[in-house]
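Subject: Structure handover

Hello,

The structure is below, and my notes on it follow. Please read them with the coordinates open.

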Amino acid sequence: MSHSALTPVFVGLRVGLHVLIAGLLILVVVRLPGLQPQAAVAGLILVVVFAAVYLTSLLMRVVPRSRRKQAGVVWITALALVWTGLVIVVPEASYLAFPLFFLCLHLLPSRVGPVAVLLITAVAIAALSAHLGFSAGVVVGPVIGAAVAILLGLGYRALAREAEEREALLTELMATRDRLAETEREQGALAERGRLARDIHDTVAQGLSSIQLLLHAAERADPAGPGVEQIRLARTTAADSLAETRHIIRELTPPSLDGGLTEALQRLGAANAVPGSLRVDVETPPAVDLPMEVQTAFLRIAQGAIANVRTHARATHARILLRDADDETVLRIADDGVGFDPAAVGSGAGGADSFGLRAIAERVDQLGGDLSIESTPGEGASVTVTLRKDRS
């Protein structure tokens, strides 16, 4: 359905054209009894053929869109040929030239349409001259009709062009509205995640930290007490729970992408570098044009991978690489640490952070990208995310 306000105008013009042709065909049929019998029969046959050819335009909708222009040219040519035979038999059929003018201007290319109008005008003048004799009235009528049709045809083309421009503008505005709505939803989700992160930090994380400190103090106060093993176990459990809570807070905290993904990755590398212990090199293009959800996911993936490097890898050098090509975008995080066995991560064995890698895999799956994890114990590790831009 067209959103253009001019659609009723076009519908009215089409209906008016159909009514005009039907009325003129009735006029021709009414004039048939006044002709010679053979001419009347021929005229009736041609009227029926003309109406049948005209009605075949209703089948134009089933023609593939790529072939409709060619089908329209064939259709108007056949209709004009039938009309030529009809106007030779019945002079009143010359009035049908007027709607034929509009059809030619509408269906034929812009340079061919006026030429076809002139040819139809010449045929109408010749036919009327054969029936009524050559006179100024025989010439003026078709010529004025052709001139009026050309002017109206130009106006119709202008209206159609304006309607297409409005349709394109409206489509663009609707797409922009959808993008703004999606951005607002995303900002709302990020704000809510930030609120949850703050609440968890101020309540659960602080509580676990206090419990850990109190248990540590109790352990030091009576290191040989009968319940020291339970205290030590409780303190270890609290420490593990605090680490998991901080991991959740890190996942919930909205990333800072005000300066784009490139600047965010540069800040991430600088924040995680430890002088004399861990060097983090960041190699990115000056800027990337990616959807916000992709930039957010890439930053999250890099955060999780770098957190694993700092926590488990015992590496001295890590590298964050972002490459943006025409067909794909690649994010790679590599380190020279102790490595791990990727097969053991899924079973919970080994020292790698299986939860962090699962989170990375889930994010990549949501993006519709490809994830490659390469590592050998003692030889470092790398996480590579490939996102093809032609994904559906």
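Start with the pair H2 and H3 (residues 68-89): their axes come within 9 Å and cross at roughly 160 degrees. Axes are lines fitted to C-alpha atoms, for helices over the stretch in contact, and angles run from 0 to 180 degrees between N-to-C directions. H2 and H3 are therefore roughly antiparallel to each other. The cut-offs: angles under 35 degrees count as roughly parallel, over 145 as roughly antiparallel, 65 to 115 as roughly perpendicular and the rest as oblique. H2 passes H3 in a left-handed crossing. Left-handed means that the near helix is turned anticlockwise from the far one by less than a right angle; right-handed means clockwise.

Before going on, the ground rules. This is a predicted model, in which local features need pLDDT of at least 70 and side-chain atom pairs count only at pLDDT 80 or more, while totals for chains, interfaces and linings use all residues. Residues are numbered from 1 along each chain as its sequence is written, and side-chain values use heavy atoms, with hydrogens and water left out. Helices (H or I, at least four residues) and strands (E, at least two) are DSSP runs, numbered from the N terminus.

Back to H2 and H3. On the H2 side the contact (heavy atoms within 4.5 Å) is made by Ala39, Gly43, Leu46, Val47, Val49, Phe50, Val53 and Tyr54. H3 brings Trp75, Ala78, Leu79, Val82, Trp83, Gly85, Leu86 and Val89. By class, that is 14 nonpolar, two polar and no charged residues. Here Ala, Val, Leu, Ile, Met, Phe, Trp, Tyr, Cys and Pro count as nonpolar, Asp, Glu, Lys and Arg as charged, and the others, Gly among them, as polar.

Tyr54 deserves a look. Tyr54 is found in H2 (residues 37-55). At 9% relative accessibility, Tyr54 counts as buried (under 20% relative accessible area; exposed is over 50%, partly exposed in between, with a 1.4 Å probe and protein chains only). Not counting residues up to four places away in sequence, Tyr54 touches Leu17, His18, Ile21, Trp75, Leu79 and Leu103. Between Tyr54 and Gly356 there are 69 Å in space, C-alpha to C-alpha, at a separation of 302 residues in sequence.

Next, H4 (residues 97-107) and H5 (residues 112-132). They pack at an angle of about 160 degrees, with their axes 8 Å apart. That makes H4 roughly antiparallel to H5. This crossing is right-handed. Ala97, Leu100, Phe101, Cys104 and Leu105 of H4 meet Gly113, Pro114, Ala116, Val117, Ile120 and Thr121 of H5.

Five strands form an open sheet with mixed pairing, in the order S1-S2-S3-S5-S4. S1 (279-283) and S4 (370-375) stand at the edges, each with a single partner strand, so one side of each is left without a neighbour in the sheet. Neighbouring strands are turned by 10 degrees against each other on average, direction ignored. Two strands pair if DSSP finds at least two bridges between them. S4 and S5 (residues 381-388) pair in the antiparallel sense over six bridges. Asp370 has Thr386 in S5 as its bridge partner.

Two helices pack on this sheet. H8 (residues 260-272) touches S1, S2 (317-324) and S3 (328-335), and its direction makes about 170 degrees with that of S1. H9 (residues 292-313) touches S1, S2, S3 and S5; its direction makes about 10 degrees with that of S3.

H8 and H9 also pack on each other, at an angle of about 15 degrees and with axes 10 Å apart. That makes H8 roughly parallel to H9. The crossing is right-handed. Among the contact residues are Leu261, Leu265 and Leu268 of H8, and Phe298, Leu299 and Ile306 of H9. By class, the contact has nine nonpolar, four polar and one charged residues.

Two last residues. Leu322 sits in S2 and is buried, with a relative accessible area of 3%. Leaving aside neighbours within four places in sequence, its contacts include Leu261 and Leu265, as well as Phe298. Leu322 and Val282 are 40 residues apart in sequence and 8.2 Å apart in space, C-alpha to C-alpha. Arg314 lies in the loop between H9 and S2. At 67% relative accessibility, Arg314 counts as exposed. Arg314 is not a glycine, yet has a positive phi of about 50 degrees.

Best regards
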